[in-house]
Every structure is written in structure tokens, then in C-alpha cells.
Amino acid sequence: MEAIPFFNGLSKTQSFEKLSEFTIKEALLTCVLSDFDPDSFIIENHDNRCLTFNNEKYLFFILIEKDQAILEEIKEAMDTIQHLHTAIIQIELDLDLSNYKRYFRLSVNDIIKGGVKRGIPKKNLFFTLLKDLYGKN
């Protein structure tokens with residue numbers, strides 16, 4: 001990751017956030033929603049522990065790295081938040097989320113397939129960078 005100038009000086013979570021500013025957000029959301037406007041979703045970084053993608057209807061907690069403490073905070077938030085549809089989306093992780101109401105496990109390939117469904121070319125710079133971030137190239 002350090003050898004790629006696009007990610008220079010960034011953590012894995014920050015790198016994913018930066019990629020999400022481009023086609024990755026839309027590709028990821030396609031994996032969990034059938035009808036949405038990607039521009040309606042705001043990306044927020046929570047102390048480099050997780051990201052959220054949210055709009056007026058949905059709040060998705062995006063886990064890039066394993067962090068048990070943030071999982072506990074997310075569970076509490078999901079139990080409290082009643083006015084939004086909430087879910088956890090873990091990327092290339094295999095955490096036990098069976099105690100959570102709604103969660104998704106996505107791989108890099110799942111995200112790329114989601115992008116292709118939305119008409120994003122498979123040979124896309126941001127998909128290549130995503131694969132590099134996860135050592136999939």
C-alpha cells in the first residue's frame with residue numbers, strides 16, 4: 001500500500017475512504033441496495049475506526065479493519081437508531097456478526113461486480129487501486 005502514491009501516508013480505512021469518493025461508493029452500495037442515488041450518500045470517517053455511508057434513509061457502517069471496540073459502539077448505535085435502516089458492511093473481513101440485526105460480508109470481487117452492474121467498466125483505475133489496497137492484484 002505504501003508504494004502506491006494514491007495511498008501515500010494513509011491508513012487502510014483512509015485509503016478506502018479516498019477510493020469511496022470515486023466509483024467505489026456506488027459499486028459497494030449496489031451490493032446492498034437495488035435502487036438508490038449514490039450522490040445522496042455522505043461518507044464519514046469515524047476516527048479511522050470505521051466509515052459510514054448515510055443518507056436520509058440508510059446508515060451503513062463500513063468496517064475495513066478488525067476493531068472489537070468499534071463493533072460494540074456500532075451495536076449500541078444500531079439498537080438506538082430507529083429512524084434509519086442500519087447495517088454493518090465488512091470488507092474482506094470474517095467477523096462474527098451474528099448478534100447484529102443486519103450485516104453484509106463483501107469481498108473486493110463483490111464490489112467490482114456491483115460496479116459492473118451499474119455500468120462501471122471492470123477495467124477501472126479505482127477497481128485496480130481497490131485490489132491493490134487488499135493485495136488482490
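Predicted model: local features only at pLDDT ≥ 70, side-chain atom pairs only at ≥ 80, totals over all residues.
A residue counts as exposed when its relative accessible area is over 50%, as buried when that area is under 20%, and as partly exposed in between. By this scale Asp94 is exposed, because its relative accessible area is 66%. The structure holds 8 aromatic pairs and 6 salt bridges.

**Aromatic pairs**

- Phe36 and Phe41 form an edge-to-face pair, with 6.4 Å from centre to centre and 85 degrees between the planes.
- Both partners count as buried, Phe36 at 10% relative accessibility and Phe41 at 3%.
- Phe41 also pairs with Tyr58, and this pair is stacked, with the centres 6.4 Å apart and 20 degrees between the planes.
- Phe41 lies in the loop between α2 (23-30) and β1 (42-46), whereas Tyr58 belongs to strand β3 (residues 58-63), so this pair ties together parts that are 17 residues apart in sequence.
- Tyr58, at 13% relative accessibility, counts as buried.
- Elsewhere, Phe6, Phe7, Phe22 and Phe126 are linked by ring pairs into a cluster.

**Charges over rings**

- The charged end of Arg118 sits over the ring of Phe36, at 4.2 Å from the ring centre, and Phe36 is itself a partner in the edge-to-face pair with Phe41.
- The charged end of Lys75 sits over the ring of Tyr100, at 5.7 Å from the ring centre.

**Salt bridges**

- Side chains of opposite charge can pair when their charged atoms come close.
- Arg118, whose charged end sits over the ring of Phe36, also meets Glu26 in a salt bridge, with a distance of 2.9 Å from N to O.
- Because Arg118 lies in the loop between α4 (108-117) and α5 (125-133) while Glu26 is in helix α2, the pair ties together parts that are 92 residues apart in sequence.
- Arg118 is partly exposed, with a relative accessible area of 31%.
- Lys75, whose charged end sits over the ring of Tyr100, forms a salt bridge with Asp79 in which the closest N and O atoms are 3.7 Å apart.
- Lys75 and Asp79 are 4 residues apart in helix α3 (residues 68-80), which means that about one helical turn separates them.
- Both residues are partly exposed, Lys75 with a relative accessible area of 29% and Asp79 at 39% relative accessibility.
- Asp94 and Arg105 form a salt bridge whose closest N and O atoms are 3.1 Å apart.
- Asp94 is exposed at 66% relative accessible area, whereas Arg105 is partly exposed at 38%.
- Arg49, Asp67 and Glu73 are linked in a network of salt bridges.

**A buried lysine without a salt bridge**

- Lys25 has its place in helix α2, and although Lys25 is buried, this residue has no salt bridge.
- A polar atom of the Lys25 side chain does lie 3.0 Å from the backbone oxygen of Pro38.
- Leaving aside residues up to four places away in sequence, Lys25 touches Ser20, Pro38, Phe41, Ile43 and Phe53; among them is Phe41, which takes part in the stacked pair with Tyr58.

Conventions
Residues numbered from 1 in each chain as written. Heavy atoms only, no water. Phe/Tyr/Trp six-rings, centres within 6.5 Å; stacked < 30°, edge-to-face > 60°. Buried < 20%, exposed > 50% of the residue type's maximum accessible area, 1.4 Å probe, protein only. Helix = DSSP H or I, 4+ residues; strand = E, 2+ residues; numbered from the N terminus. Lys NZ or Arg CZ within 6 Å of the ring centre and 35° of its normal. Lys, Arg positive; Asp, Glu negative; His and termini not counted. Salt bridge = Lys/Arg side-chain N within 4 Å of Asp/Glu carboxyl O. Polar contact = N/O pair within 3.5 Å; in protein donor to acceptor, adjacent residues only side chain to side chain. Contact = heavy atoms within 4.5 Å.
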